[in-house]
Amino acid sequence: MSQGFSPQLGMAESAQAPKLVYLVTGGCGFLGEHVVRMLLEREPRLRELRIFDLHLSPWIEELKTGPVQVTAIQGDVTQAQEVAAAVAGAHVVIHTAGLVDVFGRASPETIHKVNVRGTQNVIEACVQTGTQFLVYTSSMEVVGPNIKGHPFYRGNEDTPYEAVHKHPYPCSKALAERLVLEANGRKVRGGLPLVTCALRPTGIYGEGHQIMRDFYRQGLRLGGRLFRAIPASVEHGRVYVGNVAWMHVLVARELEQRAALIGGQVYFCYDKSPYKSYEDFNMEFLGPCGLRLVGTRPLLPYWLLVLLAALNALLQWLLRPLLLYAPLLNPYTLAVANTTFTVSTNKAQRHFGYEPLFSWEDSRTRTILWVQAMEGTAQ
Ligand SMILES: NC(=O)C1=CN([C@@H]2O[C@H](COP(=O)(O)OP(=O)(O)OC[C@H]3O[C@@H](n4cnc5c(N)ncnc54)[C@H](O)[C@@H]3O)[C@@H](O)[C@H]2O)C=CC1
Ligand SMILES: CC(C)CCC[C@@H](C)[C@H]1CC[C@H]2[C@@H]3[C@H](O)CC4=CC(=O)CC[C@]4(C)[C@H]3CC[C@]12C
């Protein structure tokens, strides 16, 4: 059963009746919502958009009034039958669903179940039902930073790096990514080959970013101040959520025409966001909303942060039978925050013509407006 499509948006073709069915798993999440909205805005060949998520958001209802049929599917990626039912008849699957947890909220088993087995279910569903194109949202964490704290400075997809994973989240993303890439070329129902690729965003920011919200609220509680914890010289790759969504839409569109080139490939997600430390970067948005980052150098010595992070891990373990204690600071988040990880690549541009849709100025303005719209601004 062929479900082919042409990614070239010629005049004649875009004027034809839309015929494609897309499925976005995790479509109600931070990134998933942007992918969903981007598809509706920028994929004129879309006939039906299926949004699959454990928790469906109320905003989906607003999307149902447009020309594209929007189908909300409440489901769990760990349930193979639910996934297969959602995938059946879809031309393209964009698999963003995942458990993003580096704070110890979920058990390692749950993280593995959702991120690895869930991805396996998506692959098997494509194979069984004859869906040929699969885009997987991977993560920079598949590469690093590693537990040795080696810097990854302006690296690209071919830069050698000692990827050593111990934490359940990067372990699960690395395993899932491998499954997706190994599935490239498998025969789907009807005999055509499955075409897969993986996108690896660095730290995503933008409207809906939960950790930014947490930092903002913490700053408000501390009287409009945040205290520098990490040296300004430690740089982090960050990418605007709208550009990450755009990259997903574009690569999904190009998968068929350029299957031999794109199939089985990984791409870092990048844009023109500046390289800065995690905290200085956040201040690009929190600053204009009235917060101040105190200190040109970290206020606490690093050894004390390591001690506090270890104490938090101990408290989390001791308190687990009674309550969930999951602060931002733990040995893993400290190691990630304190290690330079920046990417510099044009692979997505070379392979499928990606250019960021949003400039740095636009991305910044949109994010600031979103922070300002949150309740109780500091201004
Ligand atoms: N936030 C970030 O900085 C980065 C995120 N990523 C990846 O991007 C993807 C999306 O992440 P975010 O949007 O940040 O997270 P999110 O938590 O906002 O979104 C994930 C979505 O998946 C859904 N989901 C979770 N478990 C599910 C299950 N068992 N069945 C069905 N749906 C389920 C959630 O309900 C949620 O709507 C994830 O795969 C994550 O690993 C990659 C790099 C950076
Ligand atoms: C108080 C601490 C000293 C600073 C805390 C900051 C951390 C919570 C965050 C610093 C770097 C973040 C991670 C990074 O952006 C890469 C990521 C990729 C993903 O796929 C998921 C999220 C994350 C692990 C992200 C999580 C928060 C940080 C560790």
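Q: How many aromatic pairs does the count come to here?
A: In this predicted model, the count comes to 15 aromatic pairs.

Q: OK, take phenylalanine 152 and tyrosine 161: what's the geometry of that pair?
A: Phenylalanine 152 and tyrosine 161 are arranged edge-to-face, with 5.3 Å centre to centre and 90° between the planes.

Q: And is phenylalanine 152 buried or exposed?
A: Phenylalanine 152 counts as buried, because its relative accessibility is 2%, and tyrosine 161, at 18% relative accessibility, also counts as buried because the cut-off is under 20%.

Q: What about tyrosine 240 and phenylalanine 358, how do those sit?
A: That pair is edge-to-face too, with a centre-to-centre distance of 5.2 Å and an angle of 75° between the planes. Tyrosine 240 belongs to strand E10, whereas phenylalanine 358 is in the loop between helix H13 and helix H14, so the pair ties together parts that are 118 residues apart in sequence.

Q: Which residues do ring pairs link into a cluster?
A: The cluster consists of Tyr205, Tyr240, Phe281, Phe285, Phe358 and Trp360.

Q: Switching to ligand 2, which residues come nearest?
A: Of the 15 residues around ligand 2, the nearest are Ser139, Glu141, Tyr169, Gly203 and Ile211. The protein covers 89% of the 610 Å² of accessible area that ligand 2 has on its own.

Q: How does the shell divide into nonpolar, polar and charged?
A: The shell around ligand 2 has 10 nonpolar residues, four polar and one charged, and helix H12, residues 331-337, gives the most to this shell, with three residues.

Terms used: Residues are numbered from 1 along each chain as its sequence is written. Chains are lettered from A and ligands numbered from 1 in the order in which they are written. This is a predicted model: local features need pLDDT of at least 70, side-chain atom pairs count only at pLDDT 80 or more; totals for chains, interfaces and linings use all residues. Side-chain values use heavy atoms; hydrogens and water are left out. A residue is near a molecule or strand if one of its heavy atoms lies within 4 Å of it. Accessible areas come from the Shrake-Rupley method with a 1.4 Å probe; for residues, only the protein chains shown count as cover. Helices (H or I, at least four residues) and strands (E, at least two) are DSSP runs, numbered from the N terminus. Ala, Val, Leu, Ile, Met, Phe, Trp, Tyr, Cys and Pro count as nonpolar, Asp, Glu, Lys and Arg as charged, and the others, Gly among them, as polar. Rings of Phe, Tyr and Trp (its six-membered ring) pair if their centres lie within 6.5 Å; planes under 30 degrees apart count as stacked, over 60 as edge-to-face and the rest as tilted. Buried means under 20% relative accessible area, exposed over 50%, partly exposed in between (1.4 Å probe, protein chains only).
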